[in-house]
Structures are given as structure tokens and as C-alpha cells.
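Please keep the sequence and the structure in view while reading.

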Amino acid sequence: MTLTNIPPTAELQAIDAAHHMHPFTANGALGQKGARIITRAEGVRLTDSDGTELIDGMAGLWCVNIGYGRTELADAAARQMRELPYYNTFFQTSHVPALRLAAKLAELAPGDLNHVFFAGSGSEANDTNIRMVRQYWALKGQPERRVIIARRNGYHGSTMGGGSLGGMAAMHAQGGLPIPGIVHIDQPYWYGEGGAITPEEFGLARARQLEEQILALGAENVAAFIAEPVQGAGGVIIPPDSYWPEIQRIVDTYGILLIADEVITGFGRLGHWFGSQSYGIRPHIMTIAKGLSSGYQPIGGSVVCDEVAHTIGQDEFNHGYTYSGHPVAAAVALENLRILEEENIIDRVRTATAPYLAQAWGSLADHPLVGEAVSRGMMASLALTPDKAARAKFQAEPGTAGYICREFSFGNNLVMRHVGDRMIIAPPLVITPADIDELIERARRTLDQTHAHLQAEGMLKAAA
Ligand SMILES: *Cc1c(COP(=O)(O)O)cnc(C)c1O
């Protein structure tokens, strides 16, 4: 491979620093340091502008489910661009890619989730959901049902609506979030917040916060509950087994709508088409994006049950995006779904790759710096700790150890992300056992280096 048409890294970094504002980044500091410039990718591996290869433990941003370099998707995009690069679906028109993708999603989705409202991203889809559930209740003659209950440390995107549904304190601190009518309950994070009770008891207790919140607000004021089957951006928080059945019971009891945000857990990441199937839950709406196109094109949407879709259909829904159901994005998504299905990628995750990852990742639990190492499907996380037995937090500012660990990981050519002092991965679903072995070897080396560094700096101290 040649890099002859790419300027040297330092030059690219200088241009980037001068003009490009990165999301979720302190751009001043990044400008000083220089971004790592990714130029190519194939399978589960990225190549940077120096020609160095990295294992992408995060599948981009949890999205490249089928891996990089699938030329079928490029061909599908090119074909569609030549035939019909754009048309809208607003004014009593439709086009073939959008209607075929909607039908395919209806076929794959569980239960009577038979209708799709398209968006350009997961955030947009969640904005749609806010308006859709409130409009649903208004059409049902219960307009006072407006409050949406969500969770602290949940992630539902970065628009005003998505960021408000999300429970990220750092996001709420900027720009006037959350918008009115959204309240948050606590997350089912046993390792970090469960204290002395068992995970099962804790899962029940956290689920019952939903019931307490509904009763406090008055059920007649509550429109919906939204949650990720497994929290992603919050640190790959896997709920105790007792959690989701209790949530389902509460949602059923009070007749509120359940929105499963499947932006990460959809399209095979938990070994089923949707995380809701993996947990046996029955949402009225699922948010989708990311793996829908394996990230090859920006597209998202809301998959909606018969009852909600038919009710919304009784009146004009004054909502939509220029790129709702974009034909090129929809054509690429269809090709992505074809590959996921025909190559049995999701079955392989469930029966082979995820169990392999669980064992390999779980082996990191014996490391002196690791408090827990857990996974579900192709999402995995570990907690860094100065004191395993106590599940202790560090004395240093939360995220300090995690950031150091992430830097070592990047240096070892493994993309592993940190959320506070949790380290997380969510690799492409096509990762092989041999690749997983290599990933684990780099992760273990990273933990060793982090441990030695924290020790040398006197930072292996627990918070008081
Ligand atoms: C990424 C994500 C979103 C937001 O999707 P964007 O495409 O970035 O707008 C919403 N919900 C969850 C669970 C996500 O992980």
C-alpha cells in the first residue's frame, strides 16, 4: 500500500487543529497533541497516516458491525446514486429503497413492530420518539401524559431531545438541558452502586424506582419509559437478570409506552437481531441507527408497533427530516442487512464469537487492576480499581486512571475506550477468535503498563 497522495501526518494534524472542531473533545488540548489520522480500514483493522495498523475494538463508534471494506455496500451506494441519489418522502411520494428497508425491518423486528419512521441518526430518531409518544397520547385523549422517564448515565444522543433523555451529567451541564418533561431514575449498575446487596436484589430495587417515579408523578401524567437494553456509552453496564422482567411488569401494569433504544444493541450486537429479543422485552418503539448500515451511511429510525403507528396515522404528524429514509443510505442499509442475514453473522455471534469473547475477556478479571470483567454479546467492559475486594474507586479524579489506560491502549495499537475508570470494547461482529486473542493480549499488556504507571506515580490509592 502506498501513501504517496497523503501529506505527512504533522501537516494533516496542523490542518485538523486549525479548522476541525471534534465532538466530545477539548479541542485546544487535542490541537496541541495532534489527532491520530485514520486513512484506511479492512475487516477489524484500521490504518493510520503513518501506516500503523490498529485493532478497532470499538467498531468505529459501536457501528461497523459487518467490519470494514465490504465493497458490496460501496456498489449499492454507487448504483443508487446513479439511479436516484435523492428524493424526499414528505409530500405523498415514496421511493423503493425506503419502502423496501421499512418492510425488511418490519420482518426482522419482533412482535408487531411493523412500521418505521426514518431519521438520519440515533439522536434524531429519539427526538422523533419524544414527539411521537406525546402525540400518541394526545390523540388518545390523554394529552397530560407527557413525562418521559429515562435513566441517569443513559445515553440517547446529543441533540436537545436526545441529550435530555440521556442522563449524562456532563452533557446536562452545558446548553440548558434537559428540556422540560423528562425525569431520570437511577441505573442498574450493581458493581458501582450496588453496595452490599446481591445483584438480583439490586436489579429489582432499581427497576422499582420506575414504579416509584410513576406513582410520584401520577401514572396519568407519564407517557413512556426509555432505556438501552445494555447501556453503551455509560460504560457497558449490563443489568442484573432481575432488572428487565421487573421493568416489563411495571410498564404493563401502568400502561405506559416502552421505548427500547437499540442504537447499539440492534443488528446483532447481543447475538439476536435486537437486544429486546435477548432480554425478552416487548417495546412499543425501538430506536435504531449505527449497525443498521454498519456505519457506512448515516441513517437511523424508530420502529413502531401497530397500535402507536395506527394512532399517529389518524392525523398529520408535523415532523420529519430532509434525509428521512435517504435513498442511498437506505440502499446501503439493505445491503448491510442482507450480508448480516446471508452470512449468518448474528448466529455466529450468539453461538461462537460471543462465548469466546466472554471467556477471553473474563480472563482479565485476574489482573490486579481489574475489579470486574464482564460481557454480553459483543459488548464488554472492565472496572479499574486500586482495591479489588472492596470494588474501590480511585482517590484520583474519576476517569484519570481510565484515561491513562486508554493512552497505553492506543500506544499498543488497540482502540479501547474509557468511560470514567471503566474500559470498554464493542468490536465488529465479524471479529475472529484469533483476532480476539490478539485483542486480549494487547489489553493485558495495556493493563500491565497502566498498573506499573499508577504504582510508580503513587496512584494506586482508594478514595476515602
Ligand atoms: C449513539 C447512540 C445514540 C445516538 O446516535 P447518533 O447517531 O450518534 O445520533 C442514541 N442512543 C444510543 C443508545 C447510542 O449509543
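H22 counts as buried because its relative accessibility is 19%, where buried means under 20% relative accessible area, exposed over 50% and partly exposed in between (1.4 Å probe, protein chains only). The model is predicted, so local features need pLDDT of at least 70 and side-chain atom pairs count only at pLDDT 80 or more, while totals for chains, interfaces and linings use all residues. Residues are numbered from 1 along each chain as its sequence is written, and side-chain values use heavy atoms, with hydrogens and water left out.

H22 belongs to the loop between α1 (9–19) and α2 (27–33); helices (H or I, at least four residues) and strands (E, at least two) are DSSP runs, numbered from the N terminus. Beyond its neighbours within four places in sequence, H22 is in contact (heavy atoms within 4.5 Å) with D16, N27, L30 and A35. A35 is 13 residues from H22 in sequence, with 9.7 Å between their C-alpha atoms.

The model also contains an open sheet of four strands with mixed pairing, in the order β1-β2-β3-β13. Its edge strands, each pairing on one side only, are listed below; two strands pair if DSSP finds at least two bridges between them.

| Edge strand | Residues |
|---|---|
| β1 | 38–42 |
| β13 | 414–415 |

Four bridges join β1 to β2 (residues 45–48) in the antiparallel sense, and I38 stands opposite D48 in β2.
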